[in-house]
Amino acid sequence: MTLQVEEKVLAAILEHGRREMPNEACGYLATKNGVVGHHFELTNQDAAPDHFTMDPAEQFAAMRRIREDGLEMAAVYHTHPETPARPSEEDIRLAHDPAMVYVIVSLLAEVEPIRAFRINRGEVTEVPIRVLAG
């Protein structure tokens, strides 16, 4: 499986992360025809630079909108303001859905800004990402 992401979505989640600095930003990514073309920004209730908790009301609203718009849930994303795009120990511990793709976006300069993973019982597997121009 390769996660195909439109370039505009990557730009939008990078911007979301920059707006939330120094805290982590979080949200959902949704697909249509197998391509991530939509992102849903959610509030990090923890307002912390090293972890996040999504607002439950916003989660339900985003899921409703995804269904209403004929989209499919593709991934959970969050930013790492001060570390590379790799799962932290907390990310691994809190990943409870082995079918979910977890996208991590680093805001550090000169590092690979976006990576995706599946996490199953502590085992981390990288999911290739293909950024689509246009």
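Q: Why is glutamate 41 called partly exposed?
A: In this predicted model, glutamate 41 has a relative accessible area of 35%, and because the partly exposed class lies between under 20% for buried and over 50% for exposed, glutamate 41 is placed in that class.

Q: What makes the contact of glutamate 41 with arginine 19 a salt bridge?
A: The closest N and O atoms of arginine 19 and glutamate 41 are 2.4 Å apart, and since the definition asks for a side-chain nitrogen of Lys or Arg within 4 Å of a carboxyl oxygen of Asp or Glu, the pair qualifies as a salt bridge. The two residues, 22 apart, link distant parts of the chain, with arginine 19 in helix α1 (residues 7-20) and glutamate 41 in strand β3 (residues 35-42).

Q: How do you know that arginine 93 is exposed?
A: The relative accessibility of arginine 93 is 54%, and the cut-off for exposed is over 50%, so arginine 93 counts as exposed. Its salt-bridge partner, glutamate 90, has a relative accessible area of 27% and is therefore partly exposed.

Q: Why are glutamate 90 and arginine 93 separated by about one helical turn?
A: Both belong to helix α3 (residues 89-94), and because they are three residues apart there, about one helical turn lies between them.

Technical notes:
Residues are numbered from 1 along each chain as its sequence is written. This is a predicted model: local features need pLDDT of at least 70, side-chain atom pairs count only at pLDDT 80 or more; totals for chains, interfaces and linings use all residues. Side-chain values use heavy atoms; hydrogens and water are left out. Helices (H or I, at least four residues) and strands (E, at least two) are DSSP runs, numbered from the N terminus. Buried means under 20% relative accessible area, exposed over 50%, partly exposed in between (1.4 Å probe, protein chains only).
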